[in-house]
Amino acid sequence: MESDYPVSKKTRLDDAMDSEMEEVPSSASGVNPNLHWTQWQILDSILPTGGFAHSYGLEATMQSRIVNNQEDLRSFVIQVMENTGSLLLPFVYCASKSPDAATWVKLDQLLEATLTNEVGRKASTSQGSALLRVAASVFTEIQALQDLRQAFLGSKTVSFHHAPIFGLICGLVGFDGETAQRAYMFVTMRDVISAATRLNLIGPLAASVLQHQIAPDAERMVQKWRDRDVADASQTAPLLDALQGCHAYMFSRLFCS
């Protein structure tokens with residue numbers, strides 16, 4: 001898929017990203033210790049990326065009486081992670097493996113064409129835009145993030161979908177492909193369980209217990225769906241996708257999606 005964005009500017013952005021990767025100082029082990037703190041902060045729930053405003057379809061699923069208790073919630077979270085692994089991990093992986101502007105634009109445009117759920121599509125672009133804005137503001141030492149946002153802000157060429165943005169940022173801060181994919185799965189699991197807590201489906205302590213219990217399921221999903229090309233991305237939970245699409249029609253709601 002060809003981008004309408006000027007090639008010359010994309011080339012400058014790609015050069016800036018390459019420069020960022022080359023100029024980061026390293027320790028004797030070859031790893032910049034400061035990057036660890038940046039990597040951990042990306043996964044911190046205090047980072048204001050807007051994930052708290054989305055339930056990944058859980059609210060609509062509860063109102064449809066499909067999720068009624070903690071056991072139903074456990075099944076729901078696992079299905080969400082399965083669908084995340086099959087559909088979105090390829091975009092995270094490809095973006096983290098090649099964290100440059102040209103690759104990111106193509107991945108973003110492809111995901112825009114892939115997502116058929118309007119509610120899910122809007123949630124993805126909302127979270128992606130917020131993540132890039134926060135990352136560019138917080139990680140000021142990575143000039144490429146600021147350049148990318150300034151170059152494409154207001155552009156109709158891209159939609160800023162969350163998965164490619166997340167992968168791009170992970171690649172720029174030094175995550176390897178497997179860690180970036182595992183991190184994305186962790187963020188998804190964390191946010192769904194957090195939404196369940198806000199919906200009073202589960203208490204904070206029980207939520208922490210649940211997150212620990214299903215961690216092996218999350219790892220199994222990562223191993224099952226890791227390192228795939230975007231051509232292999234697929235939807236595994238069409239019912240949940242349809243329920244999330246009904247979110248906009250609910251009379252009252254706490255979350256945006």
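1. In which handedness of crossing does α9 pass α10? In this predicted model, the crossing of α9 past α10 is right-handed. The residues in contact are H162, A163, F166 and C170 on the α9 side, with A180, A183, Y184 and V187 on the α10 side. By class, the residues of this contact comprise seven nonpolar, one polar and no charged.

2. The geometry of the pair can be stated further. The axes of α9 and α10 come within 10 Å and cross at roughly 130°. The angle therefore makes α9 oblique to α10.

3. As to the overall composition, the protein has 13 helices and zero strands. Of its 257 residues, 51% are buried. Among contacts in the protein with a separation of 6 or more, 81% are between residues 24 or more positions apart.

4. After α9 comes G174, which has a positive phi, near 100°.

5. The largest nonpolar core holds 72 residues. Within this core, the residues with the most contacts are L58, L73, M81, W104, L145 and F166. Helix α10, residues 177-198, gives the most to the core, with 10 residues. In general terms, nonpolar side chains in soluble globular proteins tend to be buried together.

6. F166 links two of the points above: it is listed among the core residues with the most contacts, and it also belongs to the α9 side of the contact with α10.

7. L58 is another of the core residues with the most contacts. Leaving aside neighbours within four places in sequence, L58 is in contact with V67, L73, F76, V192, A195, A196 and L199. One of these partners, L73, is likewise named among the core residues with the most contacts.

8. L145 lies in helix α8, which spans residues 143-152. Is L145 buried or exposed? Its relative accessibility is 0%, so L145 counts as buried. Not counting residues up to four places away in sequence, L145 touches L132, A135, A136, F139, I169 and L172. For L145 and L132, the sequence separation is 13 residues and the C-alpha to C-alpha distance is 7.3 Å.

Methods
Residues numbered from 1 in each chain as written. Predicted model: local features only at pLDDT ≥ 70, side-chain atom pairs only at ≥ 80, totals over all residues. Heavy atoms only, no water. Helix = DSSP H or I, 4+ residues; strand = E, 2+ residues; numbered from the N terminus. Core = buried A, V, L, I, M, F, W, Y, C linked by side-chain atoms within 4.5 Å. Buried < 20%, exposed > 50% of the residue type's maximum accessible area, 1.4 Å probe, protein only. Contact = heavy atoms within 4.5 Å. Axes fitted to C-alpha atoms, helices over the stretch in contact; angles between N-to-C directions. Parallel < 35°, antiparallel > 145°, perpendicular 65-115°, else oblique. Left-handed = near helix turned anticlockwise from the far one by under 90°. Nonpolar A, V, L, I, M, F, W, Y, C, P; charged D, E, K, R; others polar.
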